[in-house]
Amino acid sequence: MPEKQQTEEPQEPQEHRQPAEERPRRRQARGERRVAQLLEAAASVFCRTGYTAASTNAIAREAGVSPGTLYQFFPNKEAIAVGLSDQLLDDWARSHGQALAQENAGLPLDRMLDAVLDPLIEFNVEHPAFAVLMHGADTPGVIVEEIGTLHGTMLARVEEMIGARLPDLPAAERTRTANMAVHLFKAGLTLVMSHEGAERDGYIAELKTVMHRYLEPLLESGSPAGH
């Protein structure tokens with residue numbers, strides 16, 4: 001009896017085959033896009049409702065996915081908030097690094113304030129969820145700790161800039177001045193963020209005026225205003 005000829009199954013053309021190592025990378029890229037989509041949705045929901053009132057269902061709806069899809073990437077709302085804060089704090093660190101660069105310390109005061117304040121204000125305007133997480137009463141503790149660390153870093157950089165301009169200023173006065181400058185900025189930023197358009201621009205100008213009037217006597221006389 002003649003032997004049956006074994007037929008080979010059609011093979012996919014070589015040029016259409018996807019190397020095995022490419023498939024995990026593609027899945028990883030899709031996962032990263034989905035995470036970015038969910039974090040962007042969370043930022044919108046947190047800004048609209050605040051952290052406490054936000055829910056994973058609302059975030060899933062905002063992202064246009066099912067709750068089940070969300071839970072593939074984040075187990076709960078706190079994990080989403082932590083992921084978003086990590087992303088925002090990384091961006092903030094870059095902005096504050098640019099703003100508080102040592103070379104800005106030698107600029108004339110008005111130009112120094114522009115160089116320092118503009119990137120920080122721009123970041124907060126572009127990422128309003130940062131303020132929601134930073135000031136929320138129920139913000140997860142790990143986020144509060146990270147923000148506290150960032151605040152300490154920012155304060156240290158401001159002290160360094162003051163020290164670069166006034167190397168003979170006693171350390172205690174340098175610390176006090178840096179603290180006051182940072183808190184003036186934060187207070188003014190609250191007003192800036194609560195307005196839009198021309199009104200926001202007006203409050204930015206007022207904030208710079210206030211900080212200029214506070215810092216100018218120090219930088220001219222070498223002692224804090226009022227001393």
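Let's start with a single side chain: Phe130 has a relative accessibility of 4%, so it counts as buried (buried means under 20% relative accessible area, exposed over 50% and partly exposed in between, with a 1.4 Å probe and protein chains only). Phe123 is also buried, again at 4% relative accessibility.

Before going further, a word on what you are looking at. This is a predicted model, in which local features need pLDDT of at least 70 and side-chain atom pairs count only at pLDDT 80 or more, while totals for chains, interfaces and linings use all residues. Residues are numbered from 1 along each chain as its sequence is written, and side-chain values use heavy atoms, with hydrogens and water left out.

Back to the rings. The structure contains four aromatic pairs; rings of Phe, Tyr and Trp (its six-membered ring) pair if their centres lie within 6.5 Å, and planes under 30 degrees apart count as stacked, over 60 as edge-to-face and the rest as tilted. Phe123 and Phe130 have ring centres 5.3 Å apart and planes at 80 degrees, so this pair is edge-to-face. Ring pairs also bring in Trp92, which forms a cluster with Phe123 and Phe130. Elsewhere, Tyr51 has Lys77 over its face, 4.4 Å from the ring centre (a charge sits over a ring if NZ of Lys or CZ of Arg is within 6 Å of the ring centre and within 35 degrees of the ring normal).

Now for the overall fold. The protein has nine helices and zero strands, where helices (H or I, at least four residues) and strands (E, at least two) are DSSP runs numbered from the N terminus. Helix H2 spans residues 56–63, and its buried residues are Thr56, Ala58, Ile59, Ala60 and Ala63. Just after H2 comes Gly64, with a positive phi of about 75 degrees.

What holds the most contacts inside the largest nonpolar core? Phe46, Ile59, Leu84, Ile121 and Phe185 do, in a core of 60 residues; such a core is a set of buried Ala, Val, Leu, Ile, Met, Phe, Trp, Tyr and Cys residues joined through side-chain atoms within 4.5 Å. Helices that each supply at least two residues of this core include H1 (22–49), H4 (77–99) and H8 (171–193). Leaving aside residues up to four places away in sequence, Ile121 touches Phe185, Leu189, Val192, Ile204 and Leu207 (contact means heavy atoms within 4.5 Å).

Across the whole protein, buried residues make up 36% of the 227 residues.
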